[in-house]
Amino acid sequence: MGSTAHLYPLPPSGRVAAHPLDFFALTKRRLDRIGTGNVSVSAAFYHGGQWVGILAVLSETVKGIAAVLLARFFFPTDPEWEIIALIALVLGRYWIGKGAGTTNVVWGYIVHDWLTAGLVFLIGGISFTLLRERRSGKLSVLILLPLITALRHPVSGELIGVTILLSFLMAWIYQKIPDDLELATANAQTSSRKMFRFFQGDRAIPKLDKPLNANLFGQKAATLSHLKRWGYPVPIGWVLPPGDDSTPLIESLQPSPDVPLIVRSSAIGEDSETASAAGQYESILNITSQVALERAILQCQVSYNFPAATRYRQDRGIAEAGMAVLVQVQVKGVFSGVAFSRDPISRHGDAVVIEALPGMATQVVSGQITPEQYRVWIREENLQLDAKHDSWMLPETVKLEMTGTGALPPSLIQQVAYLARHLEARYHGIPQDIEWSYDGEQLWVLQSRPITTLLPIWTRKIAAEVIPGFIRPLTWSINRPLTCREWGEIFTIVLGDRANGLNFDETATLHNSAAYFNASLLGEIFRRMGLPPESLEFLTRGTTFSKPSLRSTLRNLPGLLRLVYRELRLSIDFNQAMHDCFHPVFDDLSRHLPDQLPDGAVLRRIYQILRALKRATYFSIMVPLSTALRQALFRAKQEELDSSQLPEVASLRSLQLLAASAGQQIPNLDQLPRCSDMVFTALALNREGQAILNQFDQFLEMYGYLSDVATDIAVPTWRENPSLVRDLFAQYVFNLPMEAKPTPRKPRNWKTRLVQRRLNLKGRVTEIYSRLLAQLRWSFVTLEQRWIAHHLLSEPGDIFFLTFDEIEKLVTDADPTLPERVPQLITERRSRFEQDSQVPPPMLVYGNEPPIVRNVDRAMFDRPSAQQLQGIGASPGQVEGQVVIVMNLQSIPEIDRHTILVVPYTDSGWSPLLAQAGGLIAEVGGQLSHGAIVAREYGIPAVMNIIEATQRFQNGQRVRMDGQTGIVEILI
């Protein structure tokens, strides 16, 4: 950070400016390319030595004095202009030379008002010399300067104002640039080291109960410092920064056989999210004398340069930065071990894995003794966290299920598991590897670090609604690049240059044929956007956001304004895209049907559709996002909005109106067998019924692009497979559902009208996107039919087990060996897909490898542990009924107003089915999801985001649900 006494004539802050050419002329090195990159006086002292530093001080002193004297010459009666001149000089030094201009201000202010400068120097200098705390000294000086100015010139408002502005400007600059005084004293020029040690301040040996910077003290020490200050039980400890003299630390400690110490590594880069460095450096136990402590510190420091440790850093791209040494009071462990807050083998689920033994924790991590292993299951409802995450103790009322037996008391194992999961929650959902020890009275945390093999975290929370169900290779090879690239472009609008280094191609992946979004990457994006640190918890657990800080909002203001501009232009841009792209594309597609084209032309047709889909994907992301944000911002009520322009709602209403007319044209309807074939046969017997059938065909022509899963081109459309629509039409004829709520009157409130416009636009975008996907599917189906006839493929659906790249090669003959391998590829992929489809995908997956689902774990994982479940209230109302679980639309059970539908997800294709039920429970989704919209249309209570609902509930179970609060109660 900055200096304590910014009015010192010599540079205590590391942020005083020095001219880069002066330094280069003396040393042949450029300040802006070494060290912190600051062009400052303290940098000149550090890198050039005492004489170079003195020359830099003289150079900057002349500039500060000259600025004040020049202002005094032009404005002799207005002293505030002298301060304005200093402000201008400081801004110039910061913008041009990345310096704070402290020396300029010091000497310029002495010339401006020597008495005020002297008082500030005296008070600030005394406090700094006594306290040796740079941060507190810096704050006192920044306050003293305008305060003493106000006391000496109480009637000069302009002078006081510009002095306050100068202090604020200096404070802002100190926050923006690094501090040369944070550099290791051992690396400074010999002639400058004494001065640097003095001005560095903070001479007290760093302890774990003080904030520690990971870049200076290593991540291990910084993490333990956080934990100790947060109230976790961490043994007392001290830290020796890289390059510092160990003598003061050794002399301050008195290790003995009664109070032994332990020396541990805290290397820069160790215990990070990408590299744990486990076992790479030395830890020395049972230190009982100062001589042994000195040897242990040296041994630990030397281990930084061990060949294995050096190779480890090189392999993982960790810069050579040095070894901080952590010294702690050694815990006399009765039981000790390690705990993983998530299972590193299965990579999903709620199990905490613990390995432990009687005695010290080093026995467990050494790998020389086989430890006892335990597994404890902790569900979200077991983890009782308050707003501040204060209590890490396991509540007495909470009993956890566990497996494993051994010497450790079960109560201790459960407490360790609860502590591990509590630490994970403290670090916003990142799985933690903790080392712990129990001394017979107190459970101690010895270490906590991310489980590097369990990162990134993949979540179904968003993906299950955007790309639901199980995905075949062709669908994924098209959807993934479209989605990842468009999201990347949107984030880049906001982040600008700060998007550098982010790989947006890693936004999504498939695990066991189910789509997942990269919560770790999205969390990093959110952090760069200045959103709160709980953004990862929001993505993985659905927790709420706190408000971003004003500072982060201002930092991202240019990008946010660009995004707002895009949002305001959505309607204009979409209309332009309709004119320039979508209408011409659909006209061309209607003139060149795929079954009339050769294979090469069909492939070009696919390219044409994909280009249009790229533009449509942008709107399919931005418009729903805009709708949700407008609804939240303007607090528009759901009942005031009209969803009739959404394809799923419009098609549902149209089908029901047609069914109502059909029922009037069938005589003795109540005596007719309840099947679709009989309904269509009866309608064909008279002219009025035939007219209904013609209208049904027109319905299929209009909405035939819809399917069970709108975003999956592997799922047949209604036009191809009208049996589902025919069955639902017949059900409506026999048992017409309650009429949908009437279309709201034209909104009078301007806020509601703004939201309604976006909702209408969302309907148009959804139609275009779905129609393009249908055209894409029909093009691939054309190729599939031809390849089946030529025995390249065996049966319908085979083509969707190929990737788009493979299809391109087949059409263009780019790979002569591929046709021979196609049957085996399809057989293997189809078999894998069918296996994956039998197991519900976990909501979270940790790490890049697919999760391993074990039967023994599923039984424990799926067991309901509470009779009341909390989800997201999506459609108000209360209802009791019997559970009917529907995993897909291939087989539809009998459903009526006493049925509570429990589904994995909802999509536009589910809409007709939802209108029959009495209530809806979905594993994923929110208030703007398809199921929620349809439920509100028909006044059906709906609760979304009940995790693993299809596993927790059983067919025939009786439940009570409240669509307002999101609570579901299991009655029997």
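Visitor: Why is Arg342 called buried?

Guide: Arg342 has a relative accessible area of 1%. Buried means under 20%, exposed means over 50%, and partly exposed is in between (1.4 Å probe, protein chains only). Because 1% is under 20%, Arg342 counts as buried. Please keep in mind that this is a predicted model, where local features need pLDDT of at least 70 and side-chain atom pairs count only at pLDDT 80 or more, while totals for chains, interfaces and linings use all residues. Residues are numbered from 1 along each chain as its sequence is written, and side-chain values use heavy atoms, with hydrogens and water left out.

Visitor: How do you know that Arg342 forms a salt bridge with Glu424?

Guide: The closest N and O atoms of Arg342 and Glu424 are 2.8 Å apart. A salt bridge asks for a side-chain nitrogen of Lys or Arg within 4 Å of a carboxyl oxygen of Asp or Glu, so this pair qualifies. Arg342 lies in the loop between β5 (335-340) and β6 (351-358) and Glu424 in helix α16 (residues 410-426), so the bridge ties together parts that are 82 residues apart in sequence.

Visitor: How many salt bridges does the whole structure hold, and what makes Arg72 and Glu82 one of the pairs?

Guide: A search of the whole structure finds 27 salt bridges. For Arg72 and Glu82, the N to O distance is 2.9 Å, which means that the pair meets the cut-off. Arg72 belongs to helix α3 (residues 50-74) and Glu82 to helix α4 (residues 80-97), so parts 10 residues apart in sequence are tied together. With a relative accessibility of 31%, Arg72 is partly exposed, whereas Glu82 is buried at 4%.

Visitor: Where do Asp836 and Arg832 lie, and why are the two put in separate accessibility classes?

Guide: Both lie in helix α31 (residues 818-837), 4 residues apart, about one turn of the helix. Asp836 counts as buried because its relative accessibility is 7%, while Arg832, at 41%, is partly exposed. Elsewhere, salt bridges that share partners join Glu880, Arg958, Arg960 and Glu969 into one network.

Visitor: What makes helix α18 oblique to helix α22?

Guide: The axes of α18 (residues 473-495) and α22 (residues 557-568) come within 6 Å and cross at roughly 130°. Angles under 35 degrees count as roughly parallel, over 145 as roughly antiparallel, 65 to 115 as roughly perpendicular, and the rest as oblique. The crossing angle falls in the rest, so α18 is oblique to α22. The axes are lines fitted to C-alpha atoms, for helices over the stretch in contact, and the angles run from 0 to 180 degrees between N-to-C directions.

Visitor: Which residues bring α18 and α22 into contact?

Guide: Ile490, Ile493 and Val494 in α18 meet Gly559, Leu560, Arg562, Leu563 and Arg566 in α22; contact means heavy atoms within 4.5 Å. These residues divide into 5 nonpolar, 1 polar and 2 charged. Nonpolar covers Ala, Val, Leu, Ile, Met, Phe, Trp, Tyr, Cys and Pro, charged covers Asp, Glu, Lys and Arg, and the others, Gly among them, are polar.

Visitor: Which residues touch the most other members of the largest nonpolar core?

Guide: Of its 77 residues, Ile525, Phe582, Leu772 and Phe780 do. Such a core is a set of buried Ala, Val, Leu, Ile, Met, Phe, Trp, Tyr and Cys residues joined through side-chain atoms within 4.5 Å. Elements giving two or more residues to this core include α18, α23 (570-591), α24 (599-634) and α29 (750-789). The most comes from α24, with 14 residues.

Visitor: What makes His428 and Arg635 worth a look?

Guide: Neither is a glycine, yet phi is positive at about 60° for His428 and about 55° for Arg635. Most residues other than glycine have a negative phi, and most peptide bonds are trans. His428 is in the loop between α16 and β9 (432-438) and is partly exposed at 24%. Arg635, in the loop between α24 and α25 (647-665), is exposed at 74%.

Visitor: How do you know that the peptide bond from Leu455 to Pro456 is cis?

Guide: Its omega is near 5°. Pro456 is in the loop between β10 (443-450) and β11 (457-459).
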